[in-house]
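Have the sequence and the 3D view open, try each task, then read the solution.

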Amino acid sequence: MEQPAGGRRPRLVSSLALGQRAWEVTLEREQGLLSWRDPQPGRAGGNCFIPASHIIAVEETEVDEKEYGSGKWQKMTKPRAFTVYYVKRAQKHRWRCSEVTFLCADEQLCNQWIQALKELLELQKSRPKQLLVYINPYGGKRQGKRIYEQKVAPLFSLASISTDVVVTEHANHAKDNLFEVNIYKYDGIVCVGGDGMFSEVMHGLIGRIQKDSGIDQNNPKAPLVQCNIRIGIIPAGSTDCICYATVGVTDPVTSALHIIVGDSQPLDVSSIHHNNTFLKYSVSLLGYGFYGDILKDSEKKRWMGTIRYDYSGFKTFLSHHYYEGTVSFLPAKHTVGSPRDNKRCRTGCYICRQNKQQAEEQQKTYELEPNEDGGGEDWKVIKGKFLAINAVTMSCACPRSPKGLSPAAHLADGSADLILVRKCSRFNFLRYLIRHTNQDDQFDFTFVEVYRVKKFQFTSKHLEDNDSDVKDIGKKRFGQICRDHPACCCSLSKSIWNCDGEPLDSSAIEVRVHCQLMKLFARGIEENPNDETIYNQSTIEQLL
């Protein structure tokens, strides 16, 4: 063991066996880095590194006498071995649990290495030790319980994470339960299921935090209290869009490993109100018109399985309904980035960090946001006929739409991208939909408008016609009126809102984006996800 100057923790260096060869193994305790190299230059293998942040566990292992029972290792009187389990990066953002076993000359040396590595793991303070797990046994292909027990639970056990598991029995079981249990004794909450299950857990957790903090959720102007208890998503549903947009893949093992290493990804949440009554929270898509109609029709065809979305989507496209109404919004004027700048949200996103910092500085300077009451010239209004009104707080990327509805939308910048698709021909609308599957700019149409906003409101025309007071208020409040584009299609009085895959039947809503209200066990989509299993020197420098 080398003793460095300055009182720093000593580095541990030993000659250990890996396979049939001796390697120089080093533990840099200050840097948190395990490495091993072949002492004989020129032989295949080179230098190998594992950062402590990606080590899952270390355990003493029984020596395989067949493997080490010949040659120089026969001279060891009582050889001992220990195994290091670590994150292995596979293709397309997937992670796997891999392992490497080292043979030590004696018991004392083996124990020294195990103790040193465990002490290093204890320093990883962001890692969870106790989790509350909710499993939806009915979602998707009804595989949630099997996925958890076979793929996730063994990894949690390996990482010495204790769990309390609740298998939900009915809708809102998890949400209701979160108002009853002591959530503060847990380091995180895990939901096993699809987007619907995540939404239920999210509503329960945010609602519980606000209740305990004395916040009235029915007040649309109330500053909500941030949720520091992270949520982990084990994908097991028919749609897993939230997991895909925050991890890059819908794979249970990958998600479990992100939970184990203690990743943390802040996430914006939109609150939705109607007449000072809280309706729902949204973290991905809030869609009226086309996506609302698809959801409304598909809910009647759950017996068809996941193919119901294709069927309902085609049927809705052919029907080509448009809806009249008024959209008013408060632009995100002083934020970094715009919906068409092609700057994707990735791990450690600069735009998200800058906008969070800016929001905190503004909060210190002003007790309330400028124009907090919703009036003034900063608000803009658009009246017209729309095929779709979409508000997204993330890209909404999925395997079928790799870019998503708004490729440059960010997970934690405190804003939403408001996309207005005006009434147009079926052919033009088809051109717009196809853009979601290729690399072309989907906003490059005269009938499509996109705005980055902090708040917005919508009122359907049939409500305006039935309430003259609404029309009078609108005339006094908003100064900018945009004309609609003429086209020929069928008009209906109202649609429903698609709120993260759940129906929301309200023709007048008020939406506000809350910057980084909650956190996930994730790190966002990595720019270079296909690094080698054992990291090279340049990768290690980036990690450190």
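**Exercise 1. Find which residues make up one aromatic cluster.**

Solution. Phe290, Tyr291, Phe317, Phe429, Tyr432, Phe445 and Phe447 form one such cluster. Rings of Phe, Tyr and Trp (its six-membered ring) pair if their centres lie within 6.5 Å; planes under 30 degrees apart count as stacked, over 60 as edge-to-face and the rest as tilted. Before you go on: this is a predicted model, where local features need pLDDT of at least 70 and side-chain atom pairs count only at pLDDT 80 or more, while totals for chains, interfaces and linings use all residues. Residues are numbered from 1 along each chain as its sequence is written, and side-chain values use heavy atoms, with hydrogens and water left out.

**Exercise 2. Work out how phenylalanine 317 and phenylalanine 429 are arranged, and where they sit.**

Solution. Start with the geometry: the two rings are 6.4 Å apart, centre to centre, with 15° between the planes, and the pair is stacked. Helices (H or I, at least four residues) and strands (E, at least two) are DSSP runs, numbered from the N terminus. Finally, check the cover: both phenylalanine 317 and phenylalanine 429 are buried. Buried means under 20% relative accessible area, exposed over 50%, partly exposed in between (1.4 Å probe, protein chains only).

**Exercise 3. Decide how well helix α8 is covered.**

Solution. Take residues 290-298 and count: eight of the nine are buried, so to speak "mostly covered". Among the buried ones are Phe290 and Tyr291, and these two also belong to the aromatic cluster.

**Exercise 4. Say why arginine 435 counts as buried, and list its contacts.**

Solution. First find arginine 435 in the loop between α11 and β18 (448-460). Its relative accessibility is 17%, which is why arginine 435 counts as buried. Then look for contacts (heavy atoms within 4.5 Å). Leaving out residues up to four places away in sequence, arginine 435 touches Lys403, Asp440, Asp441, Gln442, Asp444 and Phe445.

**Exercise 5. Trace the strands that pair with β22.**

Solution. Two strands pair if DSSP finds at least two bridges between them. Strand β12 (residues 265-274) runs antiparallel to β22, with eight bridges, and leucine 267 stands opposite methionine 518. β18 also pairs with β22 in the antiparallel sense, over five bridges; here phenylalanine 456 has valine 511 as its bridge partner.
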